[in-house]
Amino acid sequence: MAQKTGTQPKPAPGAIDGDLARRLLNDMVLIRRFEEKAAEAYALGKIGGFLHLYIGEEAVAVGATSAMRPDDYAVAAYREHGHCLAKGSDPRRMMAELFGRIDGLSKGKGGSMHLFDKGVNFLGGHAIVGSHLPLATGVAFAVKYRGGDQLIACYFGDGAVPEGEFHESMNLAALWKLPVVFICENNRYAMGTSLERALAETEIWKFGRAYNMACEAVDGMDVLAVREVMARAVARARTEHAPTLIEARTYRFRGHSMRDPAGAVYRTKDEVEKEKLRDPIVLFRERALQAGWLVEDDVRKIEKDVNDLVDDAVAFAEASPEPPLSELLTDIFKES
Amino acid sequence: MAVMTYREALNLALREEMTRDDRVFVIGEEVGLYEGAYKVTQGLLKDFGPKRVVDTPIAESGFTGVGIGAAMVGLRPVVEMMTFNFALLALDQIVNSAAKMNYMSGGQFNVPIVIRGPGGPAHQLAAQHSQSMEVYFYHVPGLKVVRPSTPEDAKGLLKSAIRDDNPVIFIESETLYAVKGEVSEDPEFTIPLGKAAVRREGTDVTVVAYMGMMYRALEAAEELAKDGISIEIVDPRTLQPLDSGTILESVRKTHRAVVVEAGAGFAGMGSELSAVITEQAFDDLDAPVERVTGVPAPMPYARNLEKAKTPSKERIIEAVRRVCYANGNGKS
């Protein structure tokens, strides 16, 4: 049942229309601009702690989410701004969370690595590598328990693959036939450790075979290819309650976090510049213009709308007060 | 009321709560077909089916995480640890996921989960199967920790734990599963978390003890009574939240306190109890608080060494005499 496809996806004619193309481009540009603004705010000391940027990887979250329903779930690691935005969360409340303000998604108590938005079924930002894979498996367990047809997309980096929880989760999901799509965003570096220095098998999709799980690799810089692979996984989850492992081959253009701005110790400048030529936003924009799904005006409008939205998000975050000290001791327990 | 074992009381609590709420399910190693390593889940698979009594492979972190994920979206899992020592493999899930989820999501995702199983010294189970595991959990904000000493507490507290909207660590004991006692059969009978019990009333010394240590304190009380020393035994039952009110009330009456724990002592439950009493009832104390704890060594296998590692009735009696400044014959 294992298969490998997807380096050159050929969407069926008519499958892409202007609305879809606009949405895909809009969502990718939104993630890019949101994070560029977040990086600026970080440099100004308005955002603290760790800030891990998703820039370069936008096609994965946007392509996968575009194949899902709004009532499906998603969960991710600590590089999760993109997944949260793709799921439809409010950029204003997300930015306020990054700023540590009361109007943030978690009232400023989570921060960049712990974005949660129950309203869009986004189950977090988890910052212990591998720890959210069992959680995703549990959400899928609950869906099946209740007899529903939702699924959960579980995003993680190549750095989670050597963790024991990857193995435990893949095994349980396949053993129990649970509707979870494991999406490994293989950006080739776990912080500064390259794939070759971390994994005995660097073709990550192949791990699915060991669990009798459907598995595919896909060009993670191609939003339509991700969408297509995800659509197959979604169908498998909905109709058969079966899990899938997708390896999306992508690249982060920035460092591991803002504290590793260049990411230059463990990879060459040439490599980074070469990968930037495959910018998923540029690739899709050019393709959409060529195919006639979009015209230049559409692109300009998206850029303007997104810039306005992100500026508004920053203004909202700036204006939001810090959480009152009483918040320190609320939410430790839920009061029954 | 009916007389039943601690094991049967736990089983009854599970049955009642599974009947009451179809979101409650049991998951863990050997809980179904095998009916539980210690038979706490006996008959549940037959009565509730495999959907709600879920056998897992040996994957503690995995199936604990499954429980937490399921709880985040509204189910109410009861995760069995075959022994709580195995929970160390799931410690990251318990500490970093379950305990913090409600807080770091700003109250959006609470985790109504119970993680239960036996822990503490048992019968020659040696170093890796005999640890008093509560110490790993009550330090963590966001976890509730229960140690039920009697069959009635086992039932009433487990039911409250299952109904609680937060993660509850519920540590039983291999040595207590066969203990018999009176238990309410009322399906609405519960014991609230965070409420201590006075097991024996007395006037001279307060002894705080739980689980097997509570039974040793009861034996010590009989002997001490012969010498005219009357001890009051307070069983906290829930370690987090701790019912310090009941403990302090007792100390303010007796003016002396001995705290007992099976664990290794250093920075243990006894340390916390001693601090609470000393900080909040210092002016009421006629003697420094005494701690009786396990020896700070891994649990040895040999029967005589195991006995020497764990607090004995004799050591409790000695400590009580010390806080009474009594050397053998009644109060000084």
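## Overall form of chain A

Of the 336 residues in chain A, 55% are buried. The description rests on a predicted model. Chain A contains 11 helices and eight strands. Along the principal axes, its C-alpha atoms fill a box of roughly 55 × 55 × 40 Å.

Among contacts in chain A between residues at least 6 apart in sequence, 77% join residues at least 24 apart.

## Confidence of the prediction

The predictor assigns the complex an ipTM of 0.96 and a pTM of 0.96. The average pLDDT is 94 for chain A, where 95% of the residues score at least 70. For chain B the average is 96, and 98% of the residues score at least 70.

One stretch calls for caution. Over residues 1–14 of chain A, pLDDT stays under 50, and the model has 26 contacts beyond four places in sequence for these residues.

## Contact between the chains

Contact between the two chains involves 34 residues of chain B and 32 residues of chain A. On the side of chain B that touches chain A, the elements giving two or more residues are α3 (60–72), α4 (91–98) and α5 (101–104) of chain B. Of these, α3(B) gives the most, with 10 residues. By class, the residues on this side of chain B comprise 13 nonpolar, 17 polar and four charged.

## The two domains of chain B

The domain assignment divides chain B into domain 1 (2–183) and domain 2 (197–323). Taken over C-alpha atoms, the centres of domain 1 and domain 2 of chain B are separated by 26 Å. Their contact takes 22 residues from domain 1 of chain B and 21 residues from domain 2 of chain B.

On the side of domain 1 of chain B that touches domain 2 of chain B, the elements giving two or more residues are β6 (144–146) and α6 (151–163) of chain B. The most come from β6(B), with three residues. This side of domain 1 of chain B has 11 nonpolar, seven polar and four charged residues.

## The largest nonpolar core

The largest nonpolar core has 210 residues, and those touching the most other members are A:V139, A:C154 and B:V320. Helix α1(A) gives the most to this core, with 10 residues. At least three residues of the core come from each of domain 1 (2–183) and domain 2 (197–323) of chain B.

The surroundings of A:C154 can be listed in detail. Leaving aside residues up to four places away in sequence, A:C154 touches A:V75, A:H132, A:L133, A:A136, A:V180, A:V181, A:F182 and A:I183.

## An enclosed helix in chain A

Helix α4 (residues 91–98) of chain A is largely enclosed by the rest of the structure, because eight of its eight residues are buried. These buried residues are A:P91, A:R92, A:R93, A:M94, A:M95, A:A96, A:E97 and A:L98. What covers them includes α1 (18–43), α3 (81–86) and α11 (296–319) of chain A. After α4(A) comes A:G100, which has a positive phi, near 70°.

## Two individual residues

The residue B:T64 is found in helix α3 of chain B. Not counting residues up to four places away in sequence, B:T64 touches B:V79, B:A90, B:Q93, B:I94 and B:I115. The C-alpha atoms of B:T64 and B:I113 are separated by 9.5 Å, although these residues are 49 residues apart along the chain.

The residue A:K276 lies in helix α9 (residues 269–276) of chain A. Is A:K276 buried or partly exposed? It is partly exposed, with 13 other C-beta atoms within 10 Å. The C-alpha atoms of A:K276 and A:A127, 149 residues apart along the chain, are separated by 27 Å.

Technical notes:
Residues numbered from 1 in each chain as written. Chains lettered and ligands numbered in written order. Predicted model: local features only at pLDDT ≥ 70, side-chain atom pairs only at ≥ 80, totals over all residues. Contact = placed C-beta atoms within 7 Å. Helix = DSSP H or I, 4+ residues; strand = E, 2+ residues; numbered from the N terminus. Nonpolar A, V, L, I, M, F, W, Y, C, P; charged D, E, K, R; others polar. Domains from an automatic or database assignment. Buried ≥ 20, exposed ≤ 12 C-beta atoms within 10 Å, placed from the backbone. Core = buried A, V, L, I, M, F, W, Y, C linked by C-beta atoms within 7 Å. pLDDT = per-residue confidence, 0-100.
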